[in-house]
Every structure is written in C-alpha cells, then in structure tokens.
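Subject: Structure handover

Hello,

Here is the structure for you to look at. My notes on what was found in it follow below.

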Amino acid sequence: MDLVDPFGRTIRDLRISVTDRCNFRCTYCMPEEGMTWLPRSEVLTFEEFERLARIFVERFEVDGLRLTGGEPTVRAHLPVLVRKLAALRVPASSSSPLAGRKPDLSITTNGATFRLMAHELHEAGIDRVNISLDTLRADRFLSMTRRDELTRVLDGIEAAKEAGLAPVKINAVVQRGVNDDEIVDLARYGRDHDVEMRFIEFMPLDASGHWMNDQVVSQDEIVAAISAVFPLEPVPARGSAPADRWRYLDGGGLVGVIPTVTKPFCGDCDRVRLTAEGQFRTCLFATTEFCFRTLMRDGASDDDIAVEIQRAVGTKWAGHQINQVTFIRPNRSMSQIGG
Ligand code: SAM
Ligand code: SF4
C-alpha cells in the first residue's frame, strides 16, 4: 500500500540516522565542543531500526533506505544493521522497479574511515554512497571540519570506488567567503576522479545558529561558475531526487546542485526521516516529531505503528518556508536530524 501525503506525494525514501555522534565537527553542522549526545538507552537498537524499516518497506512500499547521522560509520557493527535491512523485500505487487527485491540501500558519510569499511558495507548490502568533501585544501579542510583528515577522506573515496559502490557521489556544502572559490576545482576533481560532484546550498541547520542568507551561494551562481570553465547542459527530469543535474558538454560526466534555499524542490519530495532516537520527521525542517521509540517500547503492534506512520505522513507540509518571515528554524541541527 502506498504512503501518500495530503499533497499527493508518495513516500518512497526513508532516511535513517543511526547515531547523533560524529568524529568531525564541521562548522556548518556542529559546534567545536558542547554537543550533548543522546544517552545510549535512547538510541534505537538495530532490531528497532529494522522493525520500523520493515514496516515502511513491506507495508508501505518504501524502496529506498539511506543511512546517515551524525556519522553513520561511528556506530559500532554497522554492517550488522545493513545485513538486516538488505534482507527486507519490497512487495512483489508494488509498482516500484524494485518490486520483489531488496530496497536500494545507500549511506552518507564523511568518508574518513571508509577505507576500512567500504568493502564490508558493500558486501552487507550497501549499493551506493555519498561522501562529503567541501574543499581540496588541507588547511581549509582542517578549519571547516576541525579535523586534519583530508588525505583519509580522499582515500575513502577511492576505497568506495574500489569496493564497487556505484555511483559514488560527493557532497560539497558551499558557503560564501569560505569555500566558494573552489567550486571549479571541486567540479574538476569530480571529472578527473569519475565521481559525481553535488554542490549543496548552505541551509539554516547549523548548530551555532549563525546561518545568514547572504552566506548561501545559489544554484545559479554555482552553475555559472562551473559552466564558464566546463560548459554544461541541463539533464531534464529531476523527479523526486533533490539534485538538479547538468551534463558536461565534453563528455566529462554529470554534476548536481541541491538548491534547497533558492529553488526549493518540496513539491517533488518523497522523503521522510527517522532520527537516531526514533523521532519520525516528515521534513528536514519540520518542527513536529512523532516518537516511535516510546511507541515501540510501550508494546505497540506493527498495526499500531503503521497507523501512526500514516497519521504522521498526514501532517507533511507542502514545503519549508526558509525565505519567508514565517520560517521557524527547527530546534535541532543537521547532525541531530540526519542530513
Ligand atoms: N556525517 C555524514 C556526512 O557528513 O556526510 C552524514 C551526516 S551529514 C549531517 C549529511 C550531509 O549534510 C553532509 O553532506 C553535510 O555536508 C550536510 N550538511 C550538514 N550541515 C549542513 C548545512 N547547514 N547546510 C547544508 N548541508 C549541511
Ligand atoms: Fe559530522 Fe557530517 Fe555534521 Fe560534518 S556534516 S559534523 S561529518 S555529521
């Protein structure tokens, strides 16, 4: 049975934050110190994640699961969870191209320990990966992430390719005056290394609360900067994917931009999210959450949970209002939600 929201959008994609913890401290996401981590008892167990994922996949025909965080790779024994999720089956009766098969399993990671994990994660069932990389300069990498890990992240990207994860996409958050002078260098990196660069507009989800509209480098600016050096043509039909994509006219592959702030794509959004402690969110910017952890730990049946999922999806709004005076910042930052 499809899970359809009040605006007629069918939910197909569940983002699961497996931990709120992280081995980096990216300035646009976390403070240097002072994050309060969830007590372990509040974080969902693998069995709880699997149970919820099963309801989404097997009852509601959700055919894409993405693991994120915090940093998903810092959660111990992650491949065990991946194997559980890979054993789920999209109903054979579903209209999904994955009907009768396992859901599409992906992960978003900072890549720092990916050399150690890529192969095992792929064997466990992860199909594809997005790795974050905002700069190619070691000094800037240190100031942006507060960790001296550029070399290991670049190696993690190579490890992902060697392990057979495909496609490997690279996420770069662009901030004016911070790394916007590297847009072309990052695009060149994507071309040279046969990975798809995806530039992300800076969103008001930084823990410090310092986000300002003038720090956002717009999709139009990003595309203009790249196409001045490497001419581009648009790839039609984004569908429900968050990135608009362009093709290099010389055959150098694809590049994407996620224009959350300047060109919201809420009308096509098919995503919902589960935080590490089992709060269900129908939008990255939602201000309301539904506590599935309490529900499960209080003994709710799968039917009860399915009803609650439908009730929650019934509240999904038409879209965020970042550029309007009515916008209310969620009281959680990106790492606490699961980006
Ligand atoms: N730790 C993993 C990583 O960094 O890839 C996964 C979680 S992270 C929260 C997911 C994505 O959100 C990353 O690509 C990160 O760059 C992005 N992100 C974090 N804070 C952001 C912000 N304020 N605006 C836009 N993107 C942000
Ligand atoms: Fe950690 Fe990812 Fe946030 Fe950076 S963006 S601090 S790697 S969760």
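**Ligand shells**

The shell around ligand 2 is made up of six nonpolar, three polar and no charged residues. In this classing, Ala, Val, Leu, Ile, Met, Phe, Trp, Tyr, Cys and Pro count as nonpolar, Asp, Glu, Lys and Arg as charged, and the others, Gly among them, as polar. The residues in question are Cys22, Phe24, Cys26, Tyr28, Cys29, Met30, Gly70, Asn110 and Ser335, a residue being near a molecule if one of its heavy atoms lies within 4 Å of it.

This is a predicted model, in which local features need pLDDT of at least 70 and side-chain atom pairs count only at pLDDT 80 or more, while totals for chains, interfaces and linings use all residues. Residues are numbered from 1 along each chain as its sequence is written, chains are lettered from A and ligands numbered from 1 in the order in which they are written, and side-chain values use heavy atoms, with hydrogens and water left out.

Ligand 1 is surrounded by 19 residues, the closest being Tyr28, Gly70, Glu71, Ser132 and Met203. By class, seven residues of this shell are nonpolar, nine polar and three charged. Among the polar contacts (N or O pairs within 3.5 Å), a backbone N or O atom of Tyr28 lies 3.0 Å from a nitrogen atom of ligand 1. A polar backbone atom of Gly70 is 3.0 Å from a nitrogen atom of ligand 1, and a backbone N or O atom of Thr109 is 3.2 Å from an oxygen atom of the ligand. On its own, ligand 1 has 550 Å² of accessible area (Shrake-Rupley, 1.4 Å probe), of which the protein covers 95%. The elements giving two or more residues to the shell are β3 (104–109), β5 (168–174) and β6 (196–201); strands are DSSP E runs of at least two residues, and helices H or I runs of at least four, numbered from the N terminus.

**Salt bridges**

The whole structure holds 28 salt bridges, each a side-chain nitrogen of Lys or Arg within 4 Å of a carboxyl oxygen of Asp or Glu. One of them joins Asp127 and Lys102, with the closest N and O atoms 2.6 Å apart. Asp127 lies in the loop between α3 (114–124) and β4 (128–132) and Lys102 in the loop between α2 (78–86) and β3, so the pair links parts 25 residues apart in sequence.

**Backbone**

Ala166 and Pro167 are joined by a cis peptide bond, with omega about 0°. Pro167 sits in the loop between α5 (150–163) and β5.

Regards

Key
A polar contact is a pair of N or O atoms within 3.5 Å; within protein, one must be able to donate a hydrogen and the other to accept it, and residues adjacent in sequence count only if both atoms are side-chain atoms.
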